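Here are my notes for you on this structure. Keep the model open while you read, and look up each residue as we get to it.

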Amino acid sequence: MPVLAWWKDLAAREDRVGIHPGDPILLSPDYQIDEVLSRYFCRSSFARLAPETKRNYTDDYCLFFDFLWGRGKWWSEASADDLWDFEDWRTRSLRNPRRVGGARWNRGLAALVRLYAWAVQREFVLVNPVLMRSVVGRTGDPVLVPAARAKNARTSEVRWLTPRAFRRWVDVGLRGFGADGLPTAGWVGRLADRNAAFADLLFSSGVRLTEGASLLTMEVPRLQLEGGRYYTGRLARAVTKSKRARTFYASSVVVGEIEGYVESSRARVVRRAQAAGRYDGLPMRLVTHETGRHRRLLHWRGRDGVVGRTVLTDATVEERMCLFVEGRGGPEPLWLWLNESGLPFRPASWEGVFRTANERCELVLAPLLSQPPFCTPHMARHSFALVMLVVLNHVMDRRMGLTPEERRDFRLLYGDPWRMVQDLLGHAQLETTKHIYLAPVADLQLRSLLADYVPAGGPVSEEELAALFTRLARESEGIQDLDEQLVAR
């Protein structure tokens with residue numbers, strides 16, 4: 001009985017000291033917990049970072065702390081020399097079999113800047129091991145940046161897939177097809193319709209992993225009898241990287257896939273979870289009704305009888321996992337993507353789904369392709385940007401039959417295709433869109449590139465776009481396409 005009482009009181013005790021679900025707890029190799037680090041993770045601005053950023057930064061801290069431990073030092077005893085040695089080992093040393101590039105190093109450095117600035121300000125550390133230097137910022141004003149910041153941060157790991165390469169990746173990796181493009185007899189996939197619909201959503205709309213993974217069923221566009229090729233949805237402010245709500249566009253095919261998943265395998269796992277009582281002990285906010293048109297407000301009731309309301313666009317990832325609605329068989333999650341137990345499928349878990357799909361593509365297609373297609377959630381976003389730029393340029397140059405002068409006037413009225421893609425991706429800076437996401441075509445004259453294969457004024461076809469992407473893949477580094485012998489199969 002005393003043990004049970006201790007566990008019942010645990011949540012209240014954690015709340016009093018500021019420990020929240022998802023906060024990291026680090027153990028040293030001798031199984032000690034540092035009180036200052038725990039305070040940093042729970043009480044500093046670190047606690048307000050996005051879950052994915054917190055997870056990545058924690059991995060970076062562990063690497064540096066382990067490096068210091070090998071030198072007989074605690075994290076608070078690090079010197080500038082230790083950091084420079086760590087930079088050498090992390091990025092250049094032949095003793096490290098897993099060296100990283102400039103972008104990954106800069107991410108870890110940003111994590112250390114945040115930690116040690118906080119520790120110095122509160123006098124937990126006397127000297128900051130991260131040396132800083134002054135540079136001229138974008139606005140012309142001087143700004144401080146880490147002296148160890150890598151200059152080659154333009155990542156070389158950005159990759160793209162052509163539409164047909166992505167489709168083959170989905171079919172083989174997620175749907176279990178064979179190299180012949182046909183379903184494999186006896187293949188048993190785990191929620192293949194869910195996985196394929198999610199991957200297609202990222203490729204069709206360009207939303208980020210967390211943005212797409214945290215959608216609620218009420219936020220997915222619905223197919224209409226008189227609908228067009230694309231449907232619009234709204235991303236909540238709380239789940240976007242910029243913390244600004246924005247519109248996303250999903251193709252009618254993808255919306256249909258999601259509806260099929262909701263009505264089939266999702267409904268099945270919900271019924272099983274209800275029958276097994278899996279929702280009975282979960283933290284739950286049962287949404288009773290919704291008000292507001294432009295500012296959607298969810299009214300809910302908690303298990304303890306507390307009544308509250310949440311502005312939909314302000315609902316965080318964690319809060320969304322607790323939102324339920326009364327279904328035919330009892331409460332069911334509003335969270336769109338569920339696991340086999342009928343529980344919310346966490347955003348970070350999608351990385352494992354994509355890794356498994358890559359492994360299957362390697363196994364099935366390696367005998368036929370020198371480089372079987374592989375994909376990550378962010379690569380789907382990169383590829384969406386590439387497809388949209390090509391299509392928008394085609395619409396502007398061909399279907400409208402614009403002359404150079406007319407194109408200039410069109411841009412003044414409606415905007416440049418680069419800026420249209422920037423808006424679709426939700427980027428704050430056009431440079432990010434041009435020089436990272438769309439590096440393969442940033443320096444190409446798409447008007448002349450398109451001119452030699454599309455008949456003037458003719459409608460765009462999949463074959464014409466495929467021809468263009470094949471050419472881009474040949475002439476640009478990092479774009480994955482299929483070998484012609486595999487296409488012909």
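Predicted model: local features only at pLDDT ≥ 70, side-chain atom pairs only at ≥ 80, totals over all residues.

Residues are numbered from 1 along each chain as its sequence is written, and side-chain values use heavy atoms, with hydrogens and water left out.

1. Start with Thr-310. Thr-310 sits in strand β8, residues 307-311 (helices, H or I with at least four residues, and strands, E with at least two, are DSSP runs numbered from the N terminus). Is Thr-310 buried or exposed? It's buried, because its relative accessible area is 7% (buried means under 20%, exposed over 50%, partly exposed in between, with a 1.4 Å probe and protein chains only).

2. Now the largest nonpolar core, which has 57 residues. A nonpolar core is a set of buried Ala, Val, Leu, Ile, Met, Phe, Trp, Tyr and Cys residues joined through side-chain atoms within 4.5 Å. Which members touch the most others? They are Trp-169, Leu-201 and Trp-337. Among the elements giving two or more residues to this core are α6 (163-174), α7 (192-205) and α12 (377-399). Apart from it lies another core of 29 residues, including Trp-75 and Trp-105.

3. Leu-386 is in helix α12, and it counts as buried because its relative accessibility is 0%. Pro-163 is 223 residues away along the chain, yet the two C-alpha atoms are separated by 9.9 Å.

4. Have a look at the loop between α1 (2-17) and α2 (35-43), where you'll find Leu-27. Leu-27 is exposed, because its relative accessible area is 54%. Tyr-31 lies in the loop between α1 and α2 too, and counts as exposed because its relative accessibility is 68%.

5. Finally, check the backbone. Tyr-31 has a positive phi of about 65° although it is not a glycine. Glu-123, also not a glycine, has a positive phi near 65°. You'll find Glu-123 in the loop between α5 (102-121) and β1 (132-136), and it counts as exposed because its relative accessibility is 68%.
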